[in-house]
Amino acid sequence: MIELDVNNISKNFGGLQALNSVTFQIRGPELVGLIGPNGAGKTTLTNILDGAIKPSRGTVYLNSRRIDTLPPYQVARCGLGRTFQVTRAFRRMTVLENLMVPALAMHPTARQRDFRDKAMTVLEFLTIEHLANDYGRSLSGGQQKLLELGRLLMLDPDIIILDEPFAGVHPKLMEIIYEYITTVNAQGKAFIIISHDMDTIFTLSQRLLVLNFGELIADGAPDVVRHDPAVIEAYLGEEEPPEAMEETYLGKTEGDSKDA
Amino acid sequence: MEHAYYFWWALLWIIGWGAVGGIVTPRIYSKKDLDVSQAALAGTAIGAAGGPFALAPLWYLTPRLNWKWVVVPGVVILAIFAASFAAADPNNLCVTNGPFVATQVTNGLIVGIIYGLMALGLTLIFSIVGIVSFAHGEFYMIGGMAVYYFTVVWFPGMSPFWGILLAAALTFALGAAFELLFLRVMNTGKVERPDEYAILVTFGLSFFLQYFTLALVGANPKKVQRFLDFPAFGLPSANHPTVLKVTSSTVNLFNTISISSPRLTAALMSLVLLGLLLWFLQKTWLGKALRAVSQDRAAAVTGINPDTMNTLAFGIGTMLAGLAGAALVQVFSWVPWVGTLASARGFVIIVLGGMGSLPGAFIGGLIVGVVEALGAGCVPDPQRAAAYIPAYGMVILTLVLLLKPTGLFGREL
Amino acid sequence: MSQSKWIWGLTIGGTLLLVLAPLKLQSQPYIMHIAIVAFFYAILASSWSLLAGYAGQFSFGHMAFMAIGAYSTGLYGKFVRLTTAPTHICKEIPLGKYWLVIMNIYGNNCLEAGKANMPVGTLIYRLPAFQGIILGALMGGLFGLLVGVLVLRLRAAYLALFTIGFSEIVRVALNAEIKVTDGPNGLELAPLFPRGVHILGYSFAPTDKLPPYYVMLLLFLLSMGIMHWLSISRFGLFIRSIREDEEAAAALGVHIIRYKVLVFVITSMIAAAAGAVEAHYIGVITPNILLILQMSLVIAMAVIGGLESLLGAAIGAIIIEFALEFLRTSFTIGSVTVDMTTWRLVFFGLLLMITLRFWTSGLIHPLIQRVTRAGVAEETVAKRKAAEG
């Protein structure tokens with residue numbers, strides 16, 4: 001049983017309150033969407049869950065183990081994997097080597113050849129097995145995104161956080177990513193997906209968390225959240241959040257990562 | 001040193017408690033959920049200054065920390081340092097002879113101005129091109145060599161003014177050409193790791209320029225006559241020069257502080273150049289464009305081509321190094337490897353002042369000048385003192401990188 | 001796979017060539033000397049390529065670790081003796097029948113004075129060079145640990161500046177502390193085999209080049225073997241992922257602090273061991289080995305050979321060392337004498353810059369890759385065709 005407990009997380013940067021008493025739980029293989037306007041604290045929250053930054057207050061427990069005090073590599077080993085907003089493939093390593101890094105990091109005594117078959121299966125699943133021996137830098141942007149998803153499968157965490165998995169990808173690739181999320185979710189992994197692509201996130205997720213100015217203003221099923229007055233107000237009073245967001249995000253895919 | 005152990009124990013005390021303060025303070029502040037941005041630095045300073053007597057109340061009361069919590073302990077540390085030094089070596093010139101100390105400090109400040117000029121070039125390059133040039137000292141060396149060859153070898157009797165101007169033109173052209181040939185490619189995205197490429201390629205340039213010059217001019221030290229013979233006079237009167245006494249080779253203040261005139265000429269020249277540089281950066285269109293690019297690479301939209309600005313900035317940066325060399329060639333004898341130490345000193349200064357900060361480079365230059373002068377004058381055993389000159393700056397460098405990598409005036413990393 | 005057979009064949013062939021070369025070259029001590037120095041530089045260049053090329057830590061302090069190794073064994077030889085009787089003056093540690101005597105660094109030579117207290121027939125031994133070499137390697141590792149921990153937070157230019165600073169401090173201290181290190185004159189060391197080598201009925205004098213050739217070759221092969229094994233194991237994979245993206249590597253479970261420090265410790269130990277052997281072979285070590293020139297040469301060797309290839313860097317170092325030696329002879333054209341001792345360095349400086357600018361992966365490495373990756377490329381092409389079809 002997967003259990004993630006985020007209790008009263010707050011984070012200050014200088015005088016800026018980036019997160020204020022954020023609390024939520026994940027039980028079992030849920031598929032959770034995390035949305036909110038730019039600067040709402042989504043990336044900060046991800047970085048706290050991942051261990052990259054420490055919260056000013058509050059605790060995070062994963063499977064009853066406290067993880068907010070751990071460095072990122074230990075959080076990863078405890079079963080929390082993530083992608084980054086900007087694709088971060090290891091550019092001068094081959095695709096296979098990219099996949100071997102998390103596999104070996106998780107298994108201190110294993111060797112590369114033990115994971116070759118698993119890696120090839122993962123690549124086939126992501127339809128990039130023909131690139132196995134190519135360098136990361138020779139892949140297209142979308143292929144690099146798939147590679148990152150593949151690395152997460154090798155890490156084999158309980159909870160996967162995806163930061164903007166659909167941003168700027170080809171429709172055909174989007175299908176593959178969509179299928180990846182649903183298939184892996186069905187295999188028993190929980191997902192937290194940050195996305196500005198409202199249509200996709202509302203249909204994909206079973207539950208939505210909405211952040212605004214560092215506060216968790218809504219937590220519930222997509223249909224309930226869609227009509228929550230606080231959420232509508234957060235999105236500039238627009239009746240339908242999806243369209244309103246589409247525009248703000250197009251020009252601002254990179255800016256968010258700065259608030260970490 | 002008669003009682004050397006006073007000094008070493010004091011140093012051990014400072015380092016030990018500084019380390020304790022630096023490591024423990026941030027943890028206590030973060031546990032109490034307070035702002036930790038200054039905790040490591042202030043903790044180190046307070047620990048080093050007061051040991052457990054200062055750290056205990058700090059940890060108990062955890063006041064809000066600002067720059068004063070670093071500066072005040074800093075002064076105390078310097079006082080402990082000086083007092084323990086005086087106690088350890090009571091007969092040292094630096095302890096017994098006030099005028100000697102004053103002379104050392106003044107000379108340090110004067111050389112520091114020139115160091116500042118050179119470091120200004122380095123920091124200008126960093127703030128606009130975004131790289132640390134490891135070949136900066138070589139341009140300094142070439143500036144001096146050019147003055148020597150123009151005014152002494154090729155056109156004997158040429159006024160130093162024209163020699164300096166030609167040296168500036170030469171170093172500007174070399175720097176700009178290098179930028180065009182080797183650094184511009186970084187902006188095209190074809191270089192996989194631009195930071196490391198820049199480090200290695202400028203390092204290669206330094207190696208190449210140094211040995212190329214050596215191959216051309218040989219290893220014999222070059223000497224240039226002082227540029228300016230000061231007219232002899234005194235204040236209040238020529239017979240009783242109690243305030244100021246000027247001869248052709250030295251300037252003497254209050255009968256205590258003596259400065260050699262070539263150094264003073266070089267420092268004055270540097271100040272004029274600094275003024276010109278400031279005027280250029282603040283008042284001219286080109287200068288404003290340069291500053292705009294250093295703020296934001298995307299300034300291209302306003303009609304400024306960042307590539308051209310890079311070339312210009314690199315050229316101006318190397319020219320400043322060349323000018324510093326041209327100013328100092330009359331002070332020191334000149335060999336092809338003078339640039340190595342100058343480079344190292346430049347790094348110390350820009351790291352101390354904060355990478356990319358112009359005032360930081362100037363003040364860093366002054367600090368390094370004074371520290372080197374005091375180190376050379378005060379460390380007992382003159383031979384050792386002289387041998388350690390390059391190390392004083394490096395100790396500053398390592399301390400700054402460990403304690404406050406942004407330096408005095410640096411932008412956040 | 002036939003291609004891996006090729007690699008094995010070339011490796012074994014190359015090793016055999018180096019092992020058997022002295023049969024032919026033994027009569028030419030000059031060539032033997034260059035070969036020994038070339039191995040020395042090959043160890044330094046390849047270990048630097050592990051540090052900079054694989055792990056992305058562009059340290060300029062590599063020669064400082066080398067010098068720490070050399071001076072450690074030098075000072076061990078200078079100040080430590082084994083005697084069969086106590087001096088009662090020096091600091092000494094009894095070891096069964098023997099006493100380990102540590103001479104005082106400042107002041108009088110206590111061993112000379114202590115001879116009065118020793119019975120007639122007391123033997124005083126210098127300790128064997130290999131102990132000093134191991135000590136040197138350990139000291140190198142210790143300083144590598146220290147520097148590795150201190151530079152954890154520093155990146156790119158800051159790391160380069162810090163390591164230059166470290167290297168300069170070491171150089172200046174070695175120059176200034178004349179009573180300990182003998183300063184600029186250099187510290188003298190005993191030869192690797194003070195009494196020569198007698199093996200299988202052959203005898204070699206202490207000045208003979210053959211024994212040091214094999215010692216340096218052994219160290220070279222050993223360190224290449226260790227580094228190669230590391231580079232293909234998880235260690236190599238992790239340090240390369242750290243080079244590419246520290247945060248992403250950490251998010252995938254890589255203990256970045258451990259591996260960054262470890263790579264400093266390992267490469268420093270290797271550099272220090274090479275320095276210790278070289279110092280014993282040359283017989284004297286001066287602080288000038290820490291001049292920027294020396295570091296530049298190692299960097300040029302690694303870059304020209306191939307920064308991301310241990311073998312490329314090593315081969316580059318060997319070729320450049322031989323080239324440097326053969327380009328030493330100055331010549332005269334008409335009335336102009338060209339002083340090649342300087343011009344050859346100018347040439348390599350230029351070559352370094354041009355290689356960086358136009359052949360990022362070096363000159364030797366692409367040749368090696370041609371052999372080793374040829375099969376991989378074909379395999380990939382075939383798979384891609386299959387995927388398209």
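**View 1. Helix α8(B) passes helix α12(C) in a left-handed crossing.** A crossing is left-handed if the near helix is turned anticlockwise from the far one by less than a right angle, and right-handed if clockwise. Helices are DSSP runs (H or I, at least four residues), as are strands (E, at least two), numbered from the N terminus. The model is predicted: local features need pLDDT of at least 70 and side-chain atom pairs pLDDT 80 or more, whereas totals for chains, interfaces and linings use all residues. Residues are numbered from 1 along each chain as its sequence is written, and chains are lettered from A in the order in which they are written.

**View 2. Residues joining α8(B) and α12(C).** From α8(B), L200(B), F203(B) and F207(B) make the contact with S296(C), I299(C) and V303(C) of α12(C); contact requires C-beta atoms, placed from the backbone, within 7 Å. These residues divide into five nonpolar, one polar and no charged (nonpolar: Ala, Val, Leu, Ile, Met, Phe, Trp, Tyr, Cys and Pro; charged: Asp, Glu, Lys and Arg; polar: the others, Gly among them).

**View 3. Domains 1 and 2 of chain C.** Domain 1 spans 3-84 + 128-327 + 337-377 and domain 2 spans 91-122, with bounds from an automatic or database domain assignment. Their C-alpha centres lie 36 Å apart. Eight residues of domain 1 are in contact with 11 residues of domain 2. On the side of domain 1 that touches domain 2, the elements giving two or more residues are β1 (80-83) and α7 (178-181) of chain C. β1(C) gives the most, with four residues. By class, this side has four nonpolar, two polar and two charged residues.

Note on methods. Contact = placed C-beta atoms within 7 Å.
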